[in-house]
Amino acid sequence: MRDFFIRAFEIIVGVFIVLIALGVVLGGVAVLFIDGPEGTPSGVLGAVLIWGFGGIYVLFIGGALYLGLGIYQNTKRTAEILERMAERP
């Protein structure tokens with residue numbers, strides 16, 4: 001049952017990262033087409049900043065989540081190896 005939840009969490013993390021990345025891309029595109037105060041265009045600079053900082057945010061959050069999953073997987077493999085070593089004479 002525990003493996004089911006871990007696999008489900010991995011899927012949720014993947015979907016979450018894709019949704020965040022899609023939000024960053026669409027947010028940057030929206031800034032290109034939405035007028036700023038008093039009808040001035042927001043411009044390309046705002047979109048580039050959103051894409052740049054948003055991309056860094058996606059990498060940071062995705063990396064942290066996958067790091068946690070990787071630590072779990074490595075700990076699980078280490079425990080399995082130690083159990084096999086303990087069974088040997």
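## Contacts and overall form

Among contacts in the protein chain between residues at least 6 apart in sequence, 62% join residues at least 24 apart. Contact here means heavy atoms within 4.5 Å. The model is predicted: local features need pLDDT of at least 70, side-chain atom pairs count only at pLDDT 80 or more, and totals for chains, interfaces and linings use all residues. Residues are numbered from 1 along each chain as its sequence is written, and side-chain values use heavy atoms, with hydrogens and water left out.

The protein chain has 2 helices and 0 strands. Both element types are DSSP runs numbered from the N terminus: helices are H or I with at least four residues, strands are E with at least two. The radius of gyration is 21 Å, well over the 12 Å that the globule rule gives for 89 residues, so the protein chain is more spread out than a compact globule. That radius is taken over C-alpha atoms, and the rule is 2.2 Å times the number of residues to the power 0.38. Along its principal axes the C-alpha trace spans about 80 × 20 × 15 Å.

Helix H1 covers residues 2-33, and helix H2 covers residues 44-87. H1 has 32 residues. Its first and last C-alpha atoms are 47 Å apart, close to the 46 Å expected at 1.5 Å a residue. The expected span is 1.5 Å times one less than the number of residues in the helix. H2 has 44 residues and should span 64 Å; its end C-alpha atoms are 64 Å apart, which agrees.

Ala 30 lies in H1. Ala 30 is partly exposed, with a relative accessible area of 30%. Ala 30 and Leu 82 are 52 residues apart in sequence, and their C-alpha atoms are 53 Å apart in space.

## Burial and the core

Of the 89 residues of the protein chain, 15% count as buried. Buried means under 20% relative accessible area, exposed over 50%, and partly exposed in between (1.4 Å probe, protein chains only). In H1 the buried residues are Ile 6, Val 13, Ile 17, Ile 20, Val 24, Gly 28 and Val 31. They pack against H2. In H2 the buried residues are Ala 47, Gly 54, Val 58, Ile 61, Gly 62 and Leu 69. These pack against H1.

The largest nonpolar core has 7 residues: Val 13, Ile 17, Ile 20, Val 24, Val 58, Ile 61 and Leu 69. H1 and H2 each supply at least two of its residues. The largest share, 4 residues, comes from H1. Such a core is a set of buried Ala, Val, Leu, Ile, Met, Phe, Trp, Tyr and Cys residues joined through side-chain atoms within 4.5 Å. Leaving aside neighbours within four places in sequence, Val 24 is in contact with Ile 50, Trp 51, Gly 54, Gly 55 and Val 58.

## Side-chain pairs

The structure holds 1 salt bridge (a side-chain nitrogen of Lys or Arg within 4 Å of a carboxyl oxygen of Asp or Glu). Lys 76 pairs with Asp 3, the closest N and O atoms being 3.3 Å apart. The pair links distant parts of the chain: Lys 76 is in H2 and Asp 3 in H1, 73 residues apart. Lys 76 is partly exposed at 29% relative accessible area. Asp 3 is also partly exposed, at 31%.

Rings of Phe, Tyr and Trp (its six-membered ring) pair if their centres lie within 6.5 Å; planes under 30 degrees apart count as stacked, over 60 as edge-to-face and the rest as tilted. By this rule there is 1 aromatic pair. Phe 4 and Phe 5 form it, edge-to-face, at 5.3 Å centre to centre with 70° between the planes.
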